[in-house]
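This briefing goes through one protein chain by topic. Please have the sequence and the model open while reading.

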Amino acid sequence: MTEGGDDVPSERRRQQAALYDLTTDDDVADGNFERAVRTITERAADLLSVSRVGVWLVDDDGDRLTRVDHYDSDADTHTSGGELAAAAYPRYFDALRSNRTIAAADARTDERTAELTDDYLEPEGVRSLLDATLRAEGDVVGVVCHEQVGSVRDWSDTDVQFAADVADVVHRALRNRRSARQRRRLEYRQSVLKAQQEAIPHGVLVVAPDGEIVSFNDRFRDLWDLPEEVLATGTGADVFEHVREQVRDPEAFTDQVVEIRESNAESDHSEIPLADGRVIEQYSTPVEGESGTAFGRLWLARDVTERERRQAELELKDRAMDEAPVGITISDPDRPDNPTIYENERFTELTGYDAAEIRGRNLRLLQGENTDPERVAELREAIAAERPVSVELRNYRKDGSEFWNRVSVAPVEEDGSVVNYVGFQQDVTQRKETTRQLRVLHRVLRHNLANQMSVIRGWAEYLTDVTDGETADRAAQIVDQSDRLIAITDKHRRIVRLLSERPAPTAMDLAPIVERVVESARADPTVDVALERPEAAEALAITAIETALAELLRNAVDSCGDDDAVSVAVTADAERVTVRVADTGEGMPEAERQIVTGTQSVEPLYHGLGMGLWLAYWIVALSKGSIDVVDNEPRGTVVTVRLPRPDGGTDGIGSRLDNP
C-alpha cells in the first residue's frame with residue numbers, strides 16, 4: 001500500500017493527519033517542550049486507545065530515565081516524576097539501545113521488559129508496553145512509553161509505526177527546545193555584551209581580522225564624532241582615517257597604529273594628544289579564542305583631559321603638602337582598586353614605606369593581624385557611599401611595628417562626581433596610650449575613693465545615730481560632704497568616658513530634651529523657672545547633651561535666692577539651635593566662667609561645681625557646639641549654648657576638638 005492512497009486504512013490516515021498536526025504545532029515548533037509533550041501524549045493515548053502515555057528522558061550520564069510527563073487518559077491528568085536506573089534494569093536498557101521500538105504484548109513475561117514487573121508494571125497495573133526511543137546521533141536520549149492497563153494487547157504494525165512517529169515528534173520538540181535555549185542564550189549574551197559596552201566609561205570598537213567592524217558603542221562614536229555611515233558600512237581603516245585627522249601628530253599616530261597591527265599578540269596602552277587640546281587614553285588588545293584563534297582587535301578610548309589637568313594641579317601642590325605635619329595621600333577611584341597616586345614625605349616617615357612602594361597600591365597594605373575589621377568595614381562603607389569618615393586603626397609600618405593611626409578620608413568632587421579621595425594619617429599612639437592610662441588610673445582612684453568614702457560615710461552615719469548635739473551635726477556634715485565628693489567622682493568618670501570614647505554627634509530634637517530638664521528643675525519650689533521653646537528644634541549633639549543642659553540649669557538655680565528667677569529659651573535658625581539660660585542670681589564667678597567656656601583648666605573647683613561645669617563644657621564641645629557666658633542686666637548671668645543644625649556648620653569649641 002502507498003502512503004496517502006485509497007488503500008491506506010482509515011486508522012493510519014487518522015494517525016498521519018494527527019502526526020502532521022503535531023509536527024506543525026506551535027509549541028513543538030517553538031520548543032515549548034513541557035506544553036508540547038502534554039499535547040502529544042494526549043493525542044497518542046487517543047489514537048492508540050491506551051490508558052497511559054509517558055515521556056521519559058535519559059540523563060546526561062546515560063544511566064537513568066526520568067519521567068517528564070505521564071498522561072492518564074482515564075483520569076485526564078498529567079503528572080511527572082519517577083526514575084528508572086540502568087543498573088537496576090539492565091536488560092530493559094539494553095533492549096532500548098538495541099531496538100527502535102519495544103512492542104511487548106505481555107510486558108511481565110517479555111524478556112525485554114519482565115524485570116520491570118515487581119517495581120513498576122504490577123504496582124501500576126500495566127500489562128502491555130509499546131515503547132519507542134528518541135535517538136540523537138545513534139544514542140538513546142529518551143523513550144515514549146504507551147501502556148495498556150488490564151488485558152494483554154497485541155500491538156499491530158500500524159501501532160508500532162505510529163509509536164515510532166510519535167517519538168520522532170517528541171524528539172523534534174526536544175531539539176527545538178534546545179535550539180530555542182541556544183537562541184535565547186545567544187540573544188542574552190549579545191544583549192549583555194551590548195549593555196556592557198554601553199555601560200563602561202570607554203568608547204568601544206571591535207574590528208575583525210579582515211577589517212570589518214564587528215561592534216561599537218555610542219560613546220566611541222561620540223568621542224571621535226564619527227559619521228553614522230562610517231560605523232554602519234565602513235571598515236576599521238575608515239575609522240582610522242577619520243581619527244587621524246583629529247590627532248595632534250598624525251605621522252606619529254600612523255606609526256603607532258601600524259606597529260600595533262603588525263604585532264597581533266601585543267596589547268597597547270597610550271595617551272593620544274588631539275589637535276583641539278584634548279587627551280585621549282587608548283587601550284588596544286587582540287581578541288582570541290581559547291584555542292588561540294584570532295577574532296579581531298578590541299580598541300578602548302576615553303577622554304582623560306580633565307584627569308590630566310587635575311594631575312598637573314596635584315603636582316603643583318606636592319611641595320606644600322609634603323611639608324604638612326600629618327601624612328597625606330590621594331587616591332584615584334577611577335582606577336582599579338582605588339590606588340594611591342600621591343603621598344607626602346610625612347606619610348613615608350610615618351609608615352616606613354618609600355614612594356615607589358606606595359604609589360599605585362591600595363593603603364590596605366598598612367593593615368595587619370590586630371587591625372579591627374569593624375573599623376575597616378566602616379572605612380570601606382563610607383568610601384563606597386562617597387562620604388567623609390574618620391576612624392582610628394591599629395596599623396603596621398613596613399618593619400612590622402604597630403602604631404595607632406587616625407585615618408580621615410574625604411571625597412574630592414568636581415561637577416558633582418567624586419574624582420579623588422584625600423586621606424590624612426596621624427600617629428595617635430601616644431594619645432591612645434595616655435587615654436588608656438587615664439582610664440586605668442581613674443578606675444583605681446574611683447575604686448579606692450569609693451571604698452574609703454563608704455567607710456567614712458558609714459561611720460559618720462553611725463555617729464549621727466548614736467550622738468546628738470554638735471557631734472551629730474558634724475557627722476551629718478561629713479555625710480553631706482561625702483555625698484558631694486562621690487558625686488564629683490561620678491562626674492569625673494563621665495568626663496573620662498567622654499574623652500575616651502569621643503562619641504559622634506547625631507541629629508536630635510532639643511525642644512523636648514530642654515522641657516524635661518526644666519521640669520526636673522521645677523521640682524525645687526524656691527526658684528521660678530520659665531520656659532519658652534518652639535515645637536521642634538533639631539540639632540546635632542551627642543546623647544549626653546541633656547546632662548550638660550541640666551548641669552548649666554542647676555548651676556543657675558543654685559545661684560538664685562528666694563526672690564530670683566531663671567528663664568530658659570530655645571530658638572533655631574538655618575545654621576544653629578540656641579539654648580539661653582538666664583538667671584537673676586548672684587552671678588557666676590570668673591573662674592567658673594572660664595571653666596564653662598573652656599578657657600581655663602578645671603582648677604579651682606568652687607563649691608564642688610567646677611567638675612559639673614567642666615563636664616558640661618566637654619559635652620557641648622564633643623557636640624561641635626559652643627558656650628558663651630555674659631552678665632545679665634541688672635543682675636545675674638546669661639549662659640548661651642549654640643549647637644549646629646544637622647545640615648549647618650559648627651561653632652568654635654568643636655573646631656578645637658579636632659586636634660586636642
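At 53% relative accessibility, G138 lies over the 50% cut-off and therefore counts as exposed. The model is a predicted one. G138 sits in the loop that links β6 and β7. Along the chain, G138 and R97 are 41 residues apart, and their C-alpha atoms are separated by 8.8 Å.

**The chain as a whole**

- The chain holds 21 helices and 24 strands.
- Of its 660 residues, 42% are buried.
- Among contacts in the chain with a separation of 6 or more, 53% are between residues 24 or more positions apart.

**The largest cavity**

- Three cavities of 30 Å³ or more turn up when the whole structure is searched.
- Two or more lining residues come from each of β6 (126-136) and β7 (139-149).
- Strand β7 gives the largest share of this lining, with three residues.
- The loop between these two strands, β6 and β7, is the one that contains G138.

**Aromatic pairs**

- Which two numbers describe a pair of aromatic rings? The distance of the centres and the angle of the planes do so.
- The model has four aromatic pairs, counting rings whose centres lie within 6.5 Å.
- Is Y92 buried or exposed? Y92 has 3% relative accessibility and so counts as buried, the limit being under 20%.
- Y617 and W618 form an edge-to-face pair because their planes stand at 75 degrees, over the cut-off of 60; their ring centres are 5.3 Å apart.
- Y617 and W618 are both buried.

**The five-stranded sheet**

- Five strands form an open sheet in the order β9-β8-β12-β11-β10, and their pairing is antiparallel.
- Which strands lie at the edges of this sheet? They are β9 (213-216) and β10 (268-273), each of which pairs on one side only.
- From one strand to the next, the twist averages 20 degrees.
- Strands β11 (residues 279-288) and β12 (residues 294-303) run antiparallel and are joined by nine bridges.
- E288 stands opposite A294, a residue of β12.
- Helix α6 (residues 157-199) lies across β8 (203-207) and β9, and runs at about 60 degrees to β9.

**The second largest pocket**

- How much volume does the second largest pocket have? The value is about 530 Å³.
- This pocket is lined by 26 residues, and those nearest its centre are V207, G236, R261, R297 and W299.
- Three helices, α7 (218-224), α9 (236-244) and α10 (250-262), each supply at least two residues of the lining.
- Strands β8, β11 and β12 likewise supply at least two residues each.
- These strands, β8, β11 and β12, also belong to the open sheet of five strands.

Conventions. Residues are numbered from 1 along each chain as its sequence is written. This is a predicted model: local features need pLDDT of at least 70, side-chain atom pairs count only at pLDDT 80 or more; totals for chains, interfaces and linings use all residues. Side-chain values use heavy atoms; hydrogens and water are left out. Rings of Phe, Tyr and Trp (its six-membered ring) pair if their centres lie within 6.5 Å; planes under 30 degrees apart count as stacked, over 60 as edge-to-face and the rest as tilted. Buried means under 20% relative accessible area, exposed over 50%, partly exposed in between (1.4 Å probe, protein chains only). Two strands pair if DSSP finds at least two bridges between them. Helices (H or I, at least four residues) and strands (E, at least two) are DSSP runs, numbered from the N terminus. Axes are lines fitted to C-alpha atoms, for helices over the stretch in contact, and angles run from 0 to 180 degrees between N-to-C directions. Contact means heavy atoms within 4.5 Å. On a 1 Å grid over the protein atoms alone, a cavity is a set of points where a 1.4 Å probe fits but cannot get out, and a pocket is an open set with protein on both sides within 12 Å along at least five of seven lines; lining residues have an atom within 4 Å of a point. Grid points are joined across faces, edges and corners, and a volume is the space filled by probe spheres set on the points.
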